[in-house]
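Thanks for asking me to look this one over. Here are my notes, in numbered points, to read with the structure open beside you.

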There are 2 protein chains.
Amino acid sequence: MEAATVKELYAGKGKYLHQRIQINGWVRTLRSSKTFGFIELNDGTFFSNLQVVFDENLANYKEVSKLITGSAIKVAGQLTESPGAKQPFELKAECIEIEGLSAPDYPLQKKRHTFEYLRTIAHLRSRTNTFSAVFRIRSVAAYAIHKFFQENGFVHVHTPIITGSDAEGAGEMFRLTTLDFDKPPRDEKGAVDFTKDFFGKETNLTVSGQLEAETYCMAFNKVYTFGPTFRAENSNTPRHAAEFWMIEPEIAFAGLRENMNLAEDMLKFIVSYVLENTPAEMQFLNSFVDKSLLERLTNIVKSDFGHLTYSQAVEILKKSGEQFEYPVAWGIDLQTEHERYITEKHFGKPVFVTDYPKEIKAFYMRLNDDGRTVAAMDLLVPGVGELVGGSQREERLDYLSKRMDELGLNKEDYWWYLDLRKYGGVRHAGFGLGFERLIMYLTGMTNIRDVISFPRTPKNAEF
Amino acid sequence: MEAATVKELYAGKGKYLHQRIQINGWVRTLRSSKTFGFIELNDGTFFSNLQVVFDENLANYKEVSKLITGSAIKVAGQLTESPGAKQPFELKAECIEIEGLSAPDYPLQKKRHTFEYLRTIAHLRSRTNTFSAVFRIRSVAAYAIHKFFQENGFVHVHTPIITGSDAEGAGEMFRLTTLDFDKPPRDEKGAVDFTKDFFGKETNLTVSGQLEAETYCMAFNKVYTFGPTFRAENSNTPRHAAEFWMIEPEIAFAGLRENMNLAEDMLKFIVSYVLENTPAEMQFLNSFVDKSLLERLTNIVKSDFGHLTYSQAVEILKKSGEQFEYPVAWGIDLQTEHERYITEKHFGKPVFVTDYPKEIKAFYMRLNDDGRTVAAMDLLVPGVGELVGGSQREERLDYLSKRMDELGLNKEDYWWYLDLRKYGGVRHAGFGLGFERLIMYLTGMTNIRDVISFPRTPKNAEF
């Protein structure tokens with residue numbers, strides 16, 4: 001008798017019925033009388049539990065009937081049709097071996113816990129329905145991303161986490177060091193001597209792999225990164241974390257139009273793949289976390305994304321009659337309230353906003369012919385606001401140099417980035433997708449701390 | 001006329017012959033006379049080049065015939081059978097648009113460059129045949145890993161990069177901080193006050209996601225991580241980098257046997273997948289980098305991996321008659337010379353060595369009944385030595401506590417790890433696979449700096 005999994009039972013469509021099988025898992029709930037009992041067993045392979053029925057014929061009936069929630073058991077028995085409507089089958093236990101007992105103070109008792117409390121036991125929370133759903137969806141979504149890019153001819157590049165450069169030109173970064181903090185080595189002038197540090201200079205954690213990805217784009221045509229990025233911003237909001245994962249594709253011989261098409265295709269693929277591969281999880285989240293979730297996601301897959309320029313967006317916002325917290329004028333950075341008005345109220349679907357004022361965008365974005373806007377694009381989606389931010393990159397060496405001078409960037413630090421424009425540079429474009437924002441969007445969870453296994457935020461690096 | 005890719009031409013099996021197509025790419029070499037010329041064009045989508053034939057009928061013949069290596073062009077024309085034996089087809093150019101010129105000092109001229117030199121232009125080296133092969137294989141291998149685990153029911157967990165704990169109990173780590181290094185805040189006693197730091201305490205870059213992955217294993221049964229890890233070791237060797245990626249699966253209700261089977265299945269899957277999906281790259285590397293590569297990899301897929309205990313390995317080494325640099329005695333940590341003797345000379349295939357002395361292994365490994373060895377496993381492979389290291393984990397709370405006390409570990413720091421043994425703990429096991437070691441193995445490259453896009457090593461964090 002082989003050990004089966006609950007996933008196999010559900011996928012097997014009756015194949016396991018009336019067979020003797022063994023299932024290993026954890027007790028989610030247990031009810032028992034003097035002569036029989038029921039266990040909701042979860043084996044981790046599938047969202048749904050398996051109902052285990054046992055009775056006093058078990059040699060260890062007494063022990064089993066008193067098992068504490070969270071205990072691990074191995075159940076051998078026959079899979080039979082379930083008389084109850086709640087599940088298609090149940091396991092009639094012939095033997096239950098106790099693998100690992102739980103303790104009476106097990107924190108996940110049957111009552112409902114707040115997400116805030118569950119964050120304090122992040123090492124256990126994935127045993128609950130909600131987090132089991134969220135983190136399985138996270139895994140499936142990550143795979144969907146790789147699948148999409150790999151099947152479309154992209155090369156996955158692992159750009160460095162430790163960096164001497166600052167890709168955004170402005171991000172707040174974590175410094176890393178192996179120097180003695182208490183008594184760092186100092187040079188003749190008394191300044192901390194970073195030439196003595198591990199890398200012989202100051203280094204930081206990356207805020208983006210884009211610049212390095214561009215170097216690979218000029219070799220492989222289509223590339224993507226998928227790795228952790230960092231912001232040392234003291235932002236204690238439900239949407240910010242100090243450590244998060246980002247996807248950054250980069251395509252050659254392409255401009256903003258191809259870039260937008262790529263973002264749209266990618267997002268539709270991911271959403272479809274997740275809907276198809278985690279139906280039980282999506283149903284659960286739609287019932288208990290966000291009742292508009294399935295409708296919103298289905299809508300994404302079916303709609304053609306809208307397109308408008310930043311200038312058009314500003315006009316729409318001005319004419320909207322809405323009272324915004326941040327007043328609208330050409331030149332402002334759009335706030336979440338503005339973005340959500342555009343995508344939710346005005347369009348009712350995802351929209352790309354393009355061609356932003358150059359002053360509010362990064363140095364590497366391509367200057368438009370009007371001289372005051374750049375070929376940037378943000379994808380705004382209902383319920384979230386900005387999900388994707390990207391641009392066509394400035395491939396003209398003279399324009400790029402000029403812009404870097406204007407912004408006071410040290411071009412020597414970017415010699416290799418400028419080289420890309422000297423040696424067969426081509427039109428190219430790319431974007432960044434914050435993976436956790438995507439997972440929030442896919443699950444309906446509203447706090448980024450609840451879609452990261454062990455979140456890192458200001459004053460918090462537990463576990 | 002749609003733009004096609006060289007990959008499509010090769011995959012199309014004649015479908016594009018005699019069609020008019022457009023290809024965008026970079027000039028690898030160019031030969032020209034007064035009336036006609038040849039360009040080896042690489043478009044990044046495929047390892048092989050496309051031969052472009054052009055003649056004086058081009059409006060810009062003069063410019064094209066003088067193009068510098070590395071220039072980017074768009075070629076429109078008809079795909080025809082090639083009279084030469086080197087390629088199945090060639091593109092007869094009707095129009096060549098110059099997208100981006102290269103400069104006369106382009107460093108990748110036709111002559112062969114050393115790997116050492118190419119490291120200094122890591123932003124350009126993936127435009128060479130060798131690095132084009134290496135980094136495409138790296139991408140395909142990464143995908144193979146996700147594919148293997150996802151299709152076998154594993155949940156991908158993104159464990160934190162920033163950590164307050166030290167998973168190995170002994171790794172040299174990078175500290176990260178946002179404090180002012182020059183004048184850090186100090187407490188009453190004059191010590192640096194890390195409560196003022198970003199996370200309110202000392203934090204480091206992770207050396208392993210295993211301990212956090214174990215928490216998810218107890219919820220999802222089978223999980224894996226695939227992320228960057230860090231070592232602040234001052235090791236300037238061809239096998240060590242300060243930043244590298246690691247794959248760490250963890251399986252519940254499983255011991256060393258299941259763990260070894262998993263490692264064997266995984267490795268065979270990855271090797272087969274890469275052989276199947278990058279044949280041109282593998283052929284190239286087999287011809288120019290490591291002439292035993294294909295034989296070695298094919299051998300892996302076909303052989304049944306061997307198994308022996310550490311004690312047996314020590315006996316074999318003692319009886320070998322070899323003069324080792326490090327003398328062999330029970331209790332020593334096996335060195336690469338020992339490992340390679342075992343796997344290459346004694347077995348001639350991959351072998352698992354198990355049951356190491358507890359003193360040379362980590363605190364979390366399960367104590368065997370003999371009281372002096374632990375249920376550890378290392379996979380040794382010909383040509384490399386250790387490729388995978390893993391163990392069954394100590395699931396017994398009392399044994400684990402005792403071992404942590406013996407080693408002087410602060411159990412309060414590990415409260416959540418110990419919790420896993422209190423609340424339904426089960427037998428479980430896992431291993432770590434260094435991704436770059438794997439890529440070296442798959443490509444025959446002998447320096448880890450040549451399989452990482454932008455390697456980080458002591459005194460080096462360029463780009």
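Predicted model: local features only at pLDDT ≥ 70, side-chain atom pairs only at ≥ 80, totals over all residues.

1. Let's begin with Ile21(A). Is this residue buried or exposed? Ile21(A) has a relative accessibility of 3%, and because the cut-off for buried is under 20%, Ile21(A) counts as buried. The residue belongs to strand E2 of chain A, which covers residues 20-32.

2. Chain A has a mean pLDDT of 95, and 98% of its residues reach 70 or more. For the model, the scores are ipTM 0.97 and pTM 0.97.

3. Now the overall build of chain A. The chain contains 13 helices and 17 strands, and its C-alpha atoms fill a box of roughly 85 × 60 × 45 Å along the principal axes. Of the 463 residues in chain A, 63% are buried. The accessible surface of the chain is about 18200 Å², and carbon and sulfur atoms account for 48% of that surface. Contacts also reach across the sequence: among those in chain A between residues at least 6 apart, 66% join residues at least 24 apart.

4. How do the two chains relate? Chain B is superposed on chain A by a rotation of 180° with 0.0 Å of shift along the axis, and the RMSD is 0.0 Å. That is the relation of a two-fold axis. Both copies use the same surface, since 100% of the contact residues of chain B recur in chain A. To find the axis on your screen, look for Leu176(B): of the residues of chain B, Leu176(B) comes closest to the rotation axis, with its C-alpha at 2.1 Å.

5. Aromatic rings deserve a look. Over all chains, the structure holds 77 aromatic pairs. One of them is formed by Tyr310(A) and Tyr356(A), a tilted pair with 5.2 Å from centre to centre and 40° between the planes. Why does this pair tie together parts that are 46 residues apart in sequence? Tyr310(A) lies in helix H9 (residues 310-319) of chain A, while Tyr356(A) lies in strand E14 (residues 351-357) of chain A, so the pair links a helix to a strand. Tyr310(A) is buried, at 0% relative accessibility, and Tyr356(A) is buried too, with a relative accessible area of 1%.

6. Phe305(B) sits in the loop between helix H8 (293-302) and strand E13 (306-309) of chain B, and Phe352(B) sits in strand E14 (residues 351-357) of chain B, so the pair ties together parts 47 residues apart in sequence. Phe305(B) is buried, with a relative accessible area of 4%, and Phe352(B) is buried at 0% relative accessibility.

7. Next, an arginine over a ring. In chain A, Arg421(A) lies over the face of Tyr417(A), at 4.1 Å from the ring centre. In chain B, the charged end of Arg421(B) sits over the ring of Tyr417(B), 4.1 Å from its centre.

8. Stay with chain B for helix H12 (residues 415-422), which is mostly covered, with six of its eight residues buried. Which residues of H12(B) are buried? They are Trp416(B), Tyr417(B), Leu418(B), Asp419(B), Leu420(B) and Arg421(B). The buried residues of H12(B) pack against helix H5 (210-220), helix H11 (397-406) and strand E17 (428-434) of chain B. After H12(B) comes Gly424(B), with a positive phi near 70°.

9. Last, helix H13 (residues 435-443) of chain A. This helix is mostly covered, since eight of its nine residues are buried. Among them are Phe435(A), Glu436(A), Leu438(A) and Tyr441(A). H13(A) is followed by Gly444(A), which has a positive phi near 80°.

Notes:
Residues numbered from 1 in each chain as written. Chains lettered and ligands numbered in written order. Heavy atoms only, no water. pLDDT = per-residue confidence, 0-100. Least-squares fit on C-alpha atoms with pLDDT ≥ 70 in both. Contact = heavy atoms within 4.5 Å. Phe/Tyr/Trp six-rings, centres within 6.5 Å; stacked < 30°, edge-to-face > 60°. Helix = DSSP H or I, 4+ residues; strand = E, 2+ residues; numbered from the N terminus. Buried < 20%, exposed > 50% of the residue type's maximum accessible area, 1.4 Å probe, protein only. Lys NZ or Arg CZ within 6 Å of the ring centre and 35° of its normal. Areas by Shrake-Rupley, 256 points an atom, 1.4 Å probe, with all protein chains shown as cover.
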